[in-house]
Structure formats: structure tokens, C-alpha cells
Amino acid sequence: MTDPSASRSGWADLNTRLTRVGRPHDGTGFVNAPVERGSTVLYPSMDALREAWGGRYRGQLSYGATGNPTQHLLEEAIAEIEGGTHCQAVVSGLAAVTTPLLAFLGAGGHCLMPDSVYGPTRRFCDTLLRRMGVETTYYPPMTDAAGITALIRPSTQVLFTESPGSHTFEVQDIPALAEAAHAHGVKVLMDNTWGIHVFQPFRHGVDVSIQALTKYPSGHADLILGAITVADDDDWHTLRDCAIQLGQCASADDCWLTLRGLRSMGVRLAQQSRSAFEIACWLAGRPEVARVLHPALPDCPGHEFWRRDFTGASSLFGVEFAPSFTDAGVDAMVGSFGVFSLGESWGGYESLALPSRSPATRTHPTGHVGPLCRFHVGLENPADLIADLEGGLRVLREASA
Ligand SMILES: *Cc1c(COP(=O)(O)O)cnc(C)c1O
């Protein structure tokens with residue numbers, strides 16, 4: 001089995017770059033940039049004001065709502081990590097999803113969404129986008145290029161991808177899907193939150209990459225922030241114009257904390273990735289477990305695409321328990337944990353477990369039958385986490401007996 005941390009170089013390659021990106025250009029000599037808050041920008045002349053208006057697409061400051069210096073340093077850093085050219089920071093990971101959807105879709109348009117998509121993205125499509133006259137078709141995440149081509153209509157504007165999928169962890173064949181979409185002039189958006197740095201979206205045909213900086217980049221469960229990155233100037237103008245009109249910007253304090261978090265992201269992730277893989281392998285050997293949905297394990301749908309396209313794995317994975325166990329049993333197990341905590345979100349230093357409930361309307365092409373639970377592995381000693389799981393599995397057996 002491939003240990004995503006030991007045999008792959010994804011995190012090591014990142015570490016030097018993470019010490020350099022988003023550092024100050026202001027000549028004070030301090031290692032780090034200050035937090036620069038602000039609304040009004042003062043101009044020496046009308047000519048300077050006019051120039052600032054025109055420079056909003058080039059990172060020039062004109063007003064706090066269109067960006068601040070701390071935000072621009074973070075944007076530089078994220079663009080570099082994602083391998084893009086321009087980045088827009090926004091108030092949350094969810095705003096990093098909804099802003100490009102609004103930028104690249106219009107009334108009468110059509111959007112293709114993976115059935116495994118992050119729940120709030122699904123809700124945005126089913127409510128606000130529908131009200132705006134945009135239709136969404138959900139496709140099984142393992143759909144191949146021919147299947148996507150068959151779903152593309154003249155009105156299709158966006159192919160959305162998320163790989164691996166939220167809760168069910170299907171790894172998508174992004175290069176093939178992107179090629180099929182581009183052949184019909186369809187933009188490819190990807191929620192790359194799981195794959196930060198270990199999936200380089202623009203090398204695989206993605207046009208717009210989405211990050212919830214709330215997760216590993218900030219890394220300490222203490223803020224909410226998102227980023228949208230592109231590699232094409234026309235896409236940047238479309239996206240930037242929409243972000244400005246929506247009033248999307250990011251607090252200098254949160255951007256500063258995220259820049260601070262980024263410095264240690266490589267080492268945190270290498271450690272968390274290694275622990276997660278050890279725990280995933282331990283769980284795969286347990287009789288209570290039907291399948292471990294970790295992209296680096298062969299049981300995970302799309303494992304072959306992970307091997308081909310990713311340089312590592314993060315520390316978030318799913319477990320499908322044997323069908324003899326119940327949702328109530330998994331709830332009891334999660335309630336009994338002492339090291340894993342029960343909570344939403346992930347990417348912090350602390351381990352989390354969250355039972356996954358899939359809406360019944362969702363097609364499950366990968367055929368989950370037993371109850372699902374999602375695990376995020378933090379910086380705790382993996383032996384302590386395994387002992388916690390051992391106790392939890394006993395509760396699961398008792399609750400399901
Ligand atoms: C958490 C998450 C988001 C949303 O991020 P927030 O900052 O919590 O709004 C989007 N996509 C994925 C895959 C996520 O896990």
C-alpha cells in the first residue's frame with residue numbers, strides 16, 4: 001500500500017516555498033508583514049485616484065472593500081501554492097464556491113455538479129441558483145468523459161468538480177472531464193480544499209480552483225476564510241469583477257493569521273497525513289469496517305486517479321461500517337470518544353469524527369450500504385487515537401447488538 005507521506009514528496013516540496021511566499025515587500029526588514037486594516041485610501045491627486053480605479057485588477061489598492069495589503073500578500077501566497085496567476089480572498093470557503101458560480105453562470109444557464117459535492121454547495125444550486133434561472137444536473141462523481149459529454153447542453157456553462165468528494169471521497173478523473181468540458185466551451189471549477197498543494201489544479205485542466213482556507217492553511221480552527229485562484233487573465237477579469245460587485249474581501253486580521261498558519265502547513269500536513277494513513281490502515285483491518293474511503297487505499301473509488309494525479313494525501317477520510325451496524329450505533333460510538341471530538345469542519349490541529357448522513361435523493365454510484373463516518377486526524381499521537389477508536393468500536397458493537 002502506498003503511504004501518502006513516506007513515498008511521495010508533496011509536502012516536502014512545499015516547505016521551502018511556504019517560508020517565502022507572502023512575505024513583505026515594504027523594506028522594513030521585519031520577517032513578517034504587519035496587519036494592515038483599512039477602508040479609505042488617500043490619494044495625492046485626481047490622477048492618482050483615476051489610476052487606482054483602473055488598477056483594481058492588478059492588485060492596486062483603491063478602497064478597503066476591494067482589498068487590503070495583508071489580503072494581497074495572502075492572495076500572492078495562495079496563487080503560488082495552487083500554481084495559478086491570480087487569487088481572490090473571500091469571507092469563507094463557501095463564498096469561494098458561490099462567487100465563481102455567480103461569475104461564470106447566468107440566467108438560462110446550466111451547471112453540472114458532482115453528486116458527492118459539499119452540502120452547502122448543493123443547497124446553493126437548489127435554492128438561490130434555481131431562483132436565478134440556472135438549472136443544475138447532478139452527475140455521479142465517477143462519470144467518465146463520455147458520460148460528461150452526454151450531459152453537456154448548449155446552455156451548459158460550468159462543470160463543477162470536487163475531488164475527493166465530501167463524505168464519500170470519490171477521486172475524479174479531472175484531466176479527462178476537463179478536456180470534455182473544454183471541447184464544448186464549458187468552464188471547469190474545482191473545490192480543491194482536500195488537495196491543497198498535493199493536487200495542482202491548473203496542470204490538470206481546471207480553470208478555477210477553490211480553497212476553504214478555514215481548513216489546513218489557517219490550521220488552528222480559529223477563523224473562516226476562502227480563496228479563488230485562476231491562471232488565465234480573462235477568467236481573472238470575470239471573477240474579479242464579480243467579487244468586487246458582491247463586496248467580497250477578507251479581514252486583514254484573518255489574512256494575517258492564515259499567512260502565519262501557512263508557514264507550518266507543510267509539516268503539520270506531513271504529520272497528520274502519516275497519522276491518518278496509519279489509522280486508516282488500522283481501521284481497514286477491523287471486522288466492523290466494510291470499507292475505508294481514503295484515496296490512498298485501493299478500496300476508495302478513483303484510487304487509480306489519486307495515484308496518477310496527486311503527490312500526497314491529506315488527513316480527512318471516510319469509513320463505511322458493515323451493513324449490520326446502524327446510524328444509531330455510529331452516533332453512540334462518536335459520542336463515546338475521548339480524543340476524537342464531535343464537530344463540523346476540519347483541517348485544524350485537533351482530531352474530529354462526524355457521522356455522515358446522505359440525502360436519500362442522492363445517487364450512490366459507489367453503492368454504500370452501511371453507515372458512514374468521516375474522520376479528520378489532527379496532531380495527537382496516533383496510538384492515542386487508535387486506543388480511542390478501539391473503545392468506540394466496542395460501543396458500536398454493543399449499541400448494534
Ligand atoms: C469546509 C468546506 C467548504 C466551506 O468552507 P467554509 O470556510 O467553512 O465556508 C467548502 N468546500 C469544502 C470541500 C469544505 O470542506
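This is a predicted model: local features need pLDDT of at least 70, side-chain atom pairs count only at pLDDT 80 or more; totals for chains, interfaces and linings use all residues.
1. Start with helix 3. This helix lies across strand 1, strand 6 and strand 7 (226-230). Against strand 1, helix 3 runs at about 125°.

2. Helix 8 is the next one to look at. Helix 8 lies across strand 1, strand 5 and strand 7. Its direction makes about 20° with strand 1.

3. Seven strands make up an open sheet, ordered 1-7-6-5-4-2-3, with mixed pairing. Strand 1 and strand 3 (135-139) are the edge strands, and each pairs on one side only. On average, neighbouring strands of this sheet are turned by 20° against each other, direction ignored. Within the sheet, strand 4 (residues 156-162) pairs with strand 5 (residues 187-191) in the parallel sense, over five bridges.

4. Pro164 sits in the loop between strand 4 and helix 7 (174-182). The peptide bond from Ser163 to Pro164 is cis, and its omega is near -5°. His167 is also placed in the loop between strand 4 and helix 7. The phi of His167 is positive, about 75°, although this residue is not a glycine. Look at both sites before preparing the model for any calculation.5. Domain layout comes next. The protein is divided into domain 1 (20-262) and domain 2 (265-399). Their C-alpha centres lie 28 Å apart. The contact takes 34 residues from domain 1 and 40 residues from domain 2.

5. Strand 11 and strand 12 (residues 372-376) run antiparallel and are joined by five bridges.

6. Which residues lie nearest the centre of the largest pocket? They are Tyr118, Pro120, Ser166, Lys215 and Arg374, out of 36 lining residues. The elements giving two or more residues to this lining are helix 4 (93-104), helix 5 (119-131), strand 6 (208-212) and strand 11 (352-356). The volume of the largest pocket is about 700 Å³.

7. How does the lining of the largest pocket divide by class? There are 16 nonpolar, 13 polar and seven charged residues. Both domains take part: the lining draws at least three residues from each of domain 1 (20-262) and domain 2 (265-399).

8. The second largest pocket has a volume of about 240 Å³. Its lining has 15 residues, and Gly59, His72, Glu75, Glu76 and Cys87 lie nearest its centre. Helix 3 (69-82), strand 1 (86-90) and helix 8 (233-245) are the elements that give two or more residues to this lining. Helix 3 gives the most, with five residues. By class, the lining of the second largest pocket has six nonpolar, four polar and five charged residues.

9. That returns the note to its opening. Helix 3, the element that gives the most to the lining of the second largest pocket, is also the helix lying across strand 1, strand 6 and strand 7. Helix 8 also gives two or more residues to that lining, and helix 8 lies across strand 1, strand 5 and strand 7.

How values were computed. Residues are numbered from 1 along each chain as its sequence is written. Side-chain values use heavy atoms; hydrogens and water are left out. On a 1 Å grid over the protein atoms alone, a cavity is a set of points where a 1.4 Å probe fits but cannot get out, and a pocket is an open set with protein on both sides within 12 Å along at least five of seven lines; lining residues have an atom within 4 Å of a point. Grid points are joined across faces, edges and corners, and a volume is the space filled by probe spheres set on the points. Helices (H or I, at least four residues) and strands (E, at least two) are DSSP runs, numbered from the N terminus. Ala, Val, Leu, Ile, Met, Phe, Trp, Tyr, Cys and Pro count as nonpolar, Asp, Glu, Lys and Arg as charged, and the others, Gly among them, as polar. Domain bounds come from an automatic or database domain assignment. Two strands pair if DSSP finds at least two bridges between them. Axes are lines fitted to C-alpha atoms, for helices over the stretch in contact, and angles run from 0 to 180 degrees between N-to-C directions. Contact means heavy atoms within 4.5 Å.
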